[in-house]
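Here is a short report for a reader meeting this structure for the first time. Look through the sequence and the model, then read on.

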Protein chains: 4
Amino acid sequence: VTVAADMVRTYSTDLCSIDQARLSACVEACLACAQACTACADACLSEDSATGPATWVRTKLDCADICVATAQVLSRHNGYDTNATRALLEACVRICKRCADECERHASTHAHCRVCAEQCRRCEQACRDLLIHL
Amino acid sequence: VTVAADMVRTYSTDLCSIDQARLSACVEACLACAQACTACADACLSEDSATGPATWVRTKLDCADICVATAQVLSRHNGYDTNATRALLEACVRICKRCADECERHASTHAHCRVCAEQCRRCEQACRDLLIHL
Amino acid sequence: VTVAADMVRTYSTDLCSIDQARLSACVEACLACAQACTACADACLSEDSATGPATWVRTKLDCADICVATAQVLSRHNGYDTNATRALLEACVRICKRCADECERHASTHAHCRVCAEQCRRCEQACRDLLIHL
Amino acid sequence: VTVAADMVRTYSTDLCSIDQARLSACVEACLACAQACTACADACLSEDSATGPATWVRTKLDCADICVATAQVLSRHNGYDTNATRALLEACVRICKRCADECERHASTHAHCRVCAEQCRRCEQACRDLLIHL
């Protein structure tokens with residue numbers, strides 16, 4: 001049982017229309033993904049690859065920012081603006097997918113990219129699941 | 001001339017496809033809107049209205065989070081993921097519109113809501129302008 | 001095993017001087033605390049208490065912002081600015097302590113305040129532990 | 001007149017003890033600095049320097065995170081936790097100073113580093129000014 005799930009269970013004024021398990025799974029996935037992306041960007045900056053990891057680093061930083069915002073908005077369980085939340089989840093799906101695609105290509109050489117790719121893929125899926133049931 | 005405009009002008013690897021003036025106007029508008037929403041939520045918490053400002057406060061907090069993320073992602077001018085950026089701008093338009101609509105209803109009684117409504121409306125418009133030209 | 005711990009283990013250019021277990025415990029505690037504070041602030045906004053929860057809500061929002069920043073800075077394991085990190089951890093200890101103190105007073109009546117108080121106390125302790133070993 | 005100054009003027013329950021001009025100047029400086037650091041980190045990632053800008057980029061990312069959190073906390077004008085705010089301002093002074101020191105060394109070759117250094121120095125000073133009068 002996670003903290004997000006605990007918090008969802010302790011109050012629910014108008015949560016009736018949202019799937020509680022999917023909601024807390026998505027919050028957790030966003031936070032774990034933000035953390036993995038921030039750490040992976042930092043690790044990539046330390047690799048001495050000639051080609052330079054500029055684009056991947058940028059994608060990871062964008063992914064971290066969008067995941068944090070999504071986790072925060074989803075953590076306010078009451079009184080959703082469904083339109084804004086839906087668009088934000090779409091943004092999160094897209095950046096997580098791109099970040100996972102890029103990280104997977106480096107997963108065999110960089111362990112941090114492997115961990116990051118897993119978290120991005122998990123977050124992409126959690127956002128898709130919530131979008132379908134929103 | 002703003003800092004965001006200054007930064008946009010100092011580098012532009014593949015900015016060719018983006019309108020620089022609209023980009024920096026949007027970044028500025030997002031930051032000003034985030035600040036106004038955070039301060040307005042705080043001010044609303046201090047009003048002793050019987051009806052309670054719960055929903056408006058929540059909308060303002062969501063708006064601040066989404067505006068900060070949008071400003072950050074737009075501030076990385078290079079190598080955009082256009083799909084994710086577009087969805088994020090959509091989320092920003094929607095939450096700014098809702099926040100402006102709510103704040104305008106209290107603009108005559110609360111000066112902080114009037115300032116906040118103006119910034120939300122300006123940010124909504126700046127995001128729409130950028131979306132069209134992205 | 002958490003994602004933060006996984007990421008710490010996958011790279012360590014100049015991590016030699018930092019305790020890896022304490023570092024990842026602190027990152028996790030900050031993220032869980034930020035989430036709990038955001039959700040608890042939202043839940044408090046929905047309670048119809050005559051006295052109004054303005055101050056507690058504000059403290060929780062501050063706590064969430066400081067915890068997110070701390071988690072992000074700590075997630076960049078390499079090349080610490082020890083002075084800035086130390087001051088940030090101090091800020092985190094202080095706001096978590098204040099938030100825990102306030103939440104504990106409402107823990108018997110509001111389940112969300114009980115969960116939030118636990119996470120704030122855990123985060124306060126994790127930051128103190130890391131500060132001693134930094 | 002800035003938005004932050006406008007918001008400070010529109011409400012002030014217990015602002016009596018804080019210098020309003022210094023408060024809004026500090027909020028503005030933090031937001032401008034966060035934006036400059038985010039954009040400058042992105043620009044640095046695009047430079048093909050053999051030595052690699054890993055450490056500077058990291059410092060700029062830390063600086064952006066701490067500046068955003070400081071702007072948010074300061075934007076909640078009421079009911080300050082002075083201890084936490086003071087420590088957060090200290091963290092902001094330290095990271096802005098370090099970031100300015102690093103950026104100034106590259107100001108002659110990179111225009112984005114020059115703009116970023118100016119904003120970091122301005123933010124460092126604004127935080128110091130507020131700390132003295134808190």
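How many salt bridges does the rule find across the interface of chain A and chain C? The count is zero. One point comes before the rest: this is a predicted model.

**One chain**

Start with chain A. Its secondary structure comes to five helices and zero strands. From the N terminus on, the order of elements is α-α-α-α-α. Chain A has 134 residues, and buried residues make up 63% of them. Among the contacts in chain A with a separation of 6 or more, 73% join residues 24 or more positions apart.

**The interface of chains A and C**

Chain A and chain C meet with 31 residues from chain A and 31 residues from chain C. The table lists the values for this pair of chains.

| Item for chain A and chain C | Value |
|---|---|
| Buried area | about 2600 Å² |
| Share of that area from carbon and sulfur atoms | 66% |
| Salt bridges | zero |
| Residue pairs in polar contact (both at pLDDT 80 or more) | four |

Which helices of chain A supply at least two residues each to the side that touches chain C? They are α1 (3-10), α2 (20-46), α3 (54-75) and α5 (111-132). The largest share comes from α2(A), with twelve residues.

**How the copies are related**

Chain A can be laid on chain C by a turn of 180° and a shift of 0.0 Å along the axis, with an RMSD of 0.0 Å. The C-alpha of Leu31(A) is the nearest to that axis in chain A, at 3.5 Å. The interface residues tell a matching story. Of those in chain A, 100% are also interface residues in chain C, so the copies meet through the same surface.

Chains C and D form another such pair. A rotation of 180° with 0.0 Å of shift along its axis superposes chain C on chain D, with an RMSD of 0.0 Å. The two copies are thus related as by a two-fold rotation axis. The same surface serves both copies, as 100% of the contact residues of chain C recur in chain D.

**A residue at the meeting point**

Now take Gln72(C). This residue sits in helix α3 (residues 54-75) of chain C. Is Gln72(C) buried or exposed? Its relative accessible area is 6%, under the 20% cut-off, so Gln72(C) counts as buried. Leaving aside neighbours within four places in sequence, Gln72(C) is in contact with Ala34(A), Thr38(A), Ala64(A) and Asp65(D). With Thr38(A) there is a polar contact, side chain to side chain, at 3.1 Å.

**Helix α2 in chain D**

Helix α2 of chain D covers residues 20-46. It has 27 residues and reaches 40 Å from its first C-alpha to its last. That is close to the 39 Å expected at 1.5 Å a residue. Why is α2(D) described as largely enclosed by the rest of the structure? The reason is that 21 of its 27 residues are buried. At the start of α2(D), a side-chain oxygen of Asp19(D) comes to within 3.0 Å of the backbone nitrogen of Ala21(D).

Conventions. Residues are numbered from 1 along each chain as its sequence is written. Chains are lettered from A and ligands numbered from 1 in the order in which they are written. This is a predicted model: local features need pLDDT of at least 70, side-chain atom pairs count only at pLDDT 80 or more; totals for chains, interfaces and linings use all residues. Side-chain values use heavy atoms; hydrogens and water are left out. Copies are superposed by least squares on the C-alpha atoms of residues with pLDDT of at least 70 in both. Contact means heavy atoms within 4.5 Å. Helices (H or I, at least four residues) and strands (E, at least two) are DSSP runs, numbered from the N terminus. The expected span of a helix is 1.5 Å times one less than its number of residues. Buried means under 20% relative accessible area, exposed over 50%, partly exposed in between (1.4 Å probe, protein chains only). A polar contact is a pair of N or O atoms within 3.5 Å; within protein, one must be able to donate a hydrogen and the other to accept it, and residues adjacent in sequence count only if both atoms are side-chain atoms. Buried area is the accessible area (1.4 Å probe) that two parts lose on being put together, summed over both. A salt bridge is a side-chain nitrogen of Lys or Arg within 4 Å of a carboxyl oxygen of Asp or Glu.
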